[in-house]
Amino acid sequence: MPDHTICTIEELPEGAKKIVEVDGIEIGVFNCGGEFLAIEDRCSHDDGPLAEGEFDPAACTVECPRHGSLFDLKSGRPKTLPAFAPVETFPVRAEDGQIKLEVD
Ligand code: FES
């Protein structure tokens, strides 16, 4: 899987998020208590801009701004309706001071 460098580690401190576009896919990258997580920025319910919603770093969730489904950033699964299908997640890691995202 090809790696994509997103930014430096300093640019994504704990509790921060960043939306990037890789190969035409919008992806939200989050720092949940030092753990980097990434999900597709498109809600599985009605294509809402998921990563723009409210990020709760303590719970590691994001709330879809369109109809309010709460998604677990680790699994990509919704915890509340109306969404019921998971969104895609992507591996992220910190390496050499950079944050790298793997996208197929
Ligand atoms: S589009 Fe996200 S909950 Fe409806």
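How many bridges join strand β6 to β7? Three bridges join β6 (residues 61-63) to β7, and the two strands run antiparallel. Strands here are DSSP runs of E with at least two residues, and helices are runs of H or I with at least four residues, both numbered from the N terminus. Two strands pair if DSSP finds at least two bridges between them.

The structure is a predicted model, in which local features need pLDDT of at least 70 and side-chain atom pairs count only at pLDDT 80 or more, while totals for chains, interfaces and linings use all residues. Residues are numbered from 1 along each chain as its sequence is written.

The protein has 10 strands and zero helices. Read along the sequence, the pattern is β-β-β-β-β-β-β-β-β-β. The radius of gyration, taken over C-alpha atoms, is compared with a globule rule of 2.2 Å times the number of residues to the power 0.38. The radius of gyration of the protein is 13 Å, close to the 13 Å that the rule gives for 104 residues, so the protein is as compact as a globular protein of that length. Along its principal axes, the C-alpha trace spans about 40 × 30 × 20 Å.

A residue is counted as buried if 20 or more other C-beta atoms lie within 10 Å of its own, as exposed if 12 or fewer do, and as partly exposed in between, with C-beta atoms placed from the backbone. By this count, 27% of the 104 residues are buried. Two residues are in contact if their C-beta atoms, placed from the backbone, lie within 7 Å. Among contacts between residues at least 6 apart in sequence, 40% join residues at least 24 apart.

Strands of a sheet pair through backbone hydrogen bonds, either parallel or antiparallel. Six bridges link β2 to β3 (residues 25-32) in the antiparallel sense. Within this pair, Val20 stands opposite Ile27, and Lys18 has Val29 as its bridge partner. Asp23, in the loop between β2 and β3, has a positive phi of about 50 degrees although it is not a glycine. Asp23 is exposed, because 9 other C-beta atoms lie within 10 Å.

A second open sheet has three strands in the order β5-β6-β7, again with antiparallel pairing. Strands β5 (54-56) and β7 (70-72) stand at the edges with a single partner strand each, so one side of each is left without a neighbour in the sheet. The twist averages 20 degrees from one strand to the next, where axes are lines fitted to C-alpha atoms and angles run from 0 to 180 degrees between N-to-C directions. In the pairing of β6 with β7, Val62 stands opposite Phe71. Cys60 lies in the loop between β5 and β6 and has a positive phi of about 60 degrees, although it is not a glycine. Cys60 is partly exposed, because 17 other C-beta atoms lie within 10 Å.

Strand β9 (residues 92-95) is joined to β10 by four bridges, and these strands run antiparallel. Ala94 stands opposite Ile99 in β10. β9 and β10 form a hairpin with two residues between them, and Asp96 in the turn has a positive phi of about 50 degrees. In the loop between β7 and β8 lies Pro82; the peptide bond from Leu81 to Pro82 is cis, with omega near 10 degrees.

A nonpolar core is a set of buried Ala, Val, Leu, Ile, Met, Phe, Trp, Tyr and Cys residues joined through C-beta atoms within 7 Å. The largest such core has 20 residues, and Ala38, Ile39 and Leu50 have the most contacts inside it. At least two core residues come from each of β3, β4 (35-40) and β10 (98-102). β3 gives the largest share, four residues. Beyond its neighbours within four places in sequence, Leu50 is in contact with residues including Ile39, Val62, Phe71 and Val87.

Cys32 is located in strand β3. Cys32 is buried, because 20 other C-beta atoms lie within 10 Å. Not counting residues up to four places away in sequence, Cys32 touches Leu37, Pro57, Cys60 and Leu73. The C-alpha atoms of Cys32 and Ser44, 12 residues apart along the chain, are separated by 22 Å.
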